[in-house]
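Visitor: Hi, could you walk me through this one? I'll ask as I go.
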Amino acid sequence: MAQRIADTVGATAVVHQNGCGQVGADLEQTKRMLIGMGNNPNAGAAIIVGLGCEAVFPEAVAHKIKGKPVEVLKIQAAGGTTRTIQKGINLAQKMLMALSQEKRKEVDMANLVLGVKCGASGPSSGIAANPALGMASDRLIHMKGTVIIGTESLYGCEHILARKAVSKGIALDIIRCFKRIDEDARRLGHSFKEANPTPGNKRAGITTMAEKAMGALTKAGKAPIVGFLKPGEPPQGNGLWLMETRGADVGQISKQAAGGCQIVAFTTDLGNPIGLPLVPVIKITGNAKTYIKNPEDIDIDTSPVILGHMKISEAGEMIFSKLRDVANGALTKTEVLGFREFAIPRIGSSL
Amino acid sequence: MGKKRRVLIHDPKDNVAVILEESLKKGEEITVGSQKIKLRSNIPFGHKMAIREIPRGRMAIKYGEKIGRAKKDIHVGDRVHVQNLEDIVDELRAMALEEAGISLDSTRGESS
């Protein structure tokens, strides 16, 4: 329904599968993710569409979205699908007309919240793409901006994360998070160690999980970790934040978006086409073959670093420039192709 | 002019280097810093080569950090991968607790 309304007026729909049959932390996460997407600075206004009887009350979500026009549409109350869609179109039309009249204002890079992510990784990720992104990340943090890195790729370097934490409390949160991941896996009769590094990783030369994790960590640069976030939780202040993110790539970047990332920088060795609703995803590779095969899916190619033609710092500059351009309105390749995936991963069983 | 061989060393503390050339063969000699190293096996692009001896039980260092433990003696020029390097994730976990000076079992979560 949301998609139908969005398509008619040229807005963005954030659709998901959850909202009922959930309890506890699982339910809280769904609420938090939806509220987060509504509060994302890239959303100028929001319409919450719900059935009307589900566990995640549309009003509960709408109530927490601040600083912009918010409306609620309930299908049961509106009297069915057709009427809801029409109501939605009318509301969205008004909102978009108003938003289209807003003037651009120049703001400092300190206002930027960047999500950093790596997926479909390989040796080029740890050699070129991630270290280059790390330099751009460091530069943004130096300018008082904010960077969010997810935990998903970092299992195996907890000791370094704990060391980077600015306080013992944060170090403890970090270590507890990874211990939970271990315990959850064990409960499912699965060893996290068995899943990583993947066969693809090993074929490409990554031998141990620690090695893979360290290569992934370089994308966050050298900044200290100023805080630890729950999935989709917004950071309270600038600097580098660590967010608990698990599962497949889509869920992870969805959490970063819900946490308020206006842009996600996604490094990939083998290529990953996913994008997000509301949030532009910049794709970065260090693998020349990947760039040659799918240039339409990659924004930045850092493979010249591997070929010896470019320094990592120069690749970092390239990424930072792209970051600034996208913040100023330049479209990313993934955006233009219209890939907008969103997922709220489950943390409990359905009831 | 001879073709320049290229490897990448992330950190001065590293005892492994990443091969940046395609299809380097056993017996080929490459220059790593001030060392001339002869490959003791074929090493594919992106894979690691030992640039210092790593005796069995000692750690391989990459990015300036321990990444794994040698399962057998590793010699300079050896390919370093699953056949001779084991994952040490559990030990690193223990290190994390020790370095942060915290015990997860303590009721206050503070180091004593």
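Visitor: In which sense do strand β3 and strand β7 of chain A pair, and over how many bridges?
Guide: They pair in the parallel sense over six bridges, β3 spanning residues 113-119 and β7 residues 263-268. Strands here are DSSP runs (E, at least two residues; helices are H or I, at least four), numbered from the N terminus, and two strands pair if DSSP finds at least two bridges between them. This is a predicted model, where local features need pLDDT of at least 70 and side-chain atom pairs count only at pLDDT 80 or more, while totals for chains, interfaces and linings use all residues. Residues are numbered from 1 along each chain as its sequence is written, with chains lettered from A and ligands numbered from 1 in the order in which they are written.

Visitor: And what stands opposite A:Lys117?
Guide: That is A:Phe266, in β7(A).

Visitor: What's the strand order in the open sheet?
Guide: In chain A, seven strands run β5-β6-β4-β3-β7-β8-β9, with parallel pairing. β5 (225-229) and β9 (300-301) of chain A each have a single partner strand, so one side of each lacks a neighbour in the sheet.

Visitor: Switching topic: how is chain A divided?
Guide: Into domain 1 (2-99) and domain 2 (109-337), with bounds from an automatic or database domain assignment. Their C-alpha centres lie 29 Å apart.

Visitor: How many residues does the contact take from each?
Guide: It takes 13 from domain 1 of chain A and 14 from domain 2 of chain A, contact meaning C-beta atoms, placed from the backbone, within 7 Å.

Visitor: What about chain B against chain A, how many residues there?
Guide: The contact takes 31 residues from chain B and 27 from chain A. On the chain B side, α1(B) gives the largest share, seven residues.

Key
Contact = placed C-beta atoms within 7 Å.
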